[in-house]
Amino acid sequence: MNNFTKISGWLLFFIGFFIIVFAVWHSYNIIFAKAEIPDFFQTPEETKNVPAATETQDVQVLLQKAMQDQLKGFFPPDIITKSLNLFAWATLALILMSGGSKISDLGIRLIKIGQEKNEHA
């Protein structure tokens, strides 16, 4: 039983460690543009179909179109989507690192329990 406790402790330690390393490594690649940010959110497709409108609606549509064109000059169209994707990845990486830390901590506890049993025997 003592051997099984130590082996499972080391196994849990390395699994948790590799989860943390994976999250950090993938975040590093995203920051330095070696990898793409995972697509959690996607940019909605623009519709080109404009129904026949009256003159007042036509003026409104033209005014909205002009405002959208002006805003596109200030902000790229996919800036919000990329920001949301980056925030979602950062949250997921934080969860992965936290989980990996807990798994490694459990492995370290098992290793210590195995050593304490070995010392008392």
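## Thr5 and its neighbours

Leaving aside residues up to four places away in sequence, Thr5 touches Leu110, Ile113 and Gly114, where a contact means heavy atoms within 4.5 Å. Thr5 sits in helix α1. How buried is Thr5? Its relative accessible area is 7%, so Thr5 counts as buried (buried is under 20% relative accessible area, exposed over 50%, partly exposed in between, using a 1.4 Å probe and protein chains only).

Thr5 and Gln115 are 110 residues apart in sequence, yet their C-alpha atoms are 9.3 Å apart in space.

## A word on the model

This is a predicted model, so local features need pLDDT of at least 70 and side-chain atom pairs count only at pLDDT 80 or more, while totals for chains, interfaces and linings use all residues. Residues are numbered from 1 along each chain as its sequence is written, and side-chain values use heavy atoms, with hydrogens and water left out.

## Helix α1

Helix α1 covers residues 2–31, which is 30 residues. Helices here are DSSP runs (H or I, at least four residues), and strands are E runs of at least two, numbered from the N terminus. After α1 comes Ala33, which has a positive phi, near 55°.

Which residues of α1 are buried? Thr5, Ser8, Gly9, Gly16, Ala23, Ser27, Asn29 and Ile30 are. Part of their cover comes from α3 (79–120).

## How α1 meets α3

Two packed helices are described by the angle between their axes and the distance between the axes. For α1 and α3, the axes come within 7 Å and cross at roughly 160°. Axes are lines fitted to C-alpha atoms, for helices over the stretch in contact, with angles running from 0 to 180 degrees between N-to-C directions. The two helices are therefore roughly antiparallel (over 145 degrees; under 35 is roughly parallel, 65 to 115 roughly perpendicular and the rest oblique).

## The whole chain

The protein chain has 3 helices and 0 strands, in the order α-α-α. Buried residues make up 15% of its 121 residues. Of the contacts between residues at least 6 apart in sequence, 89% join residues at least 24 apart.

Definitions and conventions:
The expected span of a helix is 1.5 Å times one less than its number of residues.
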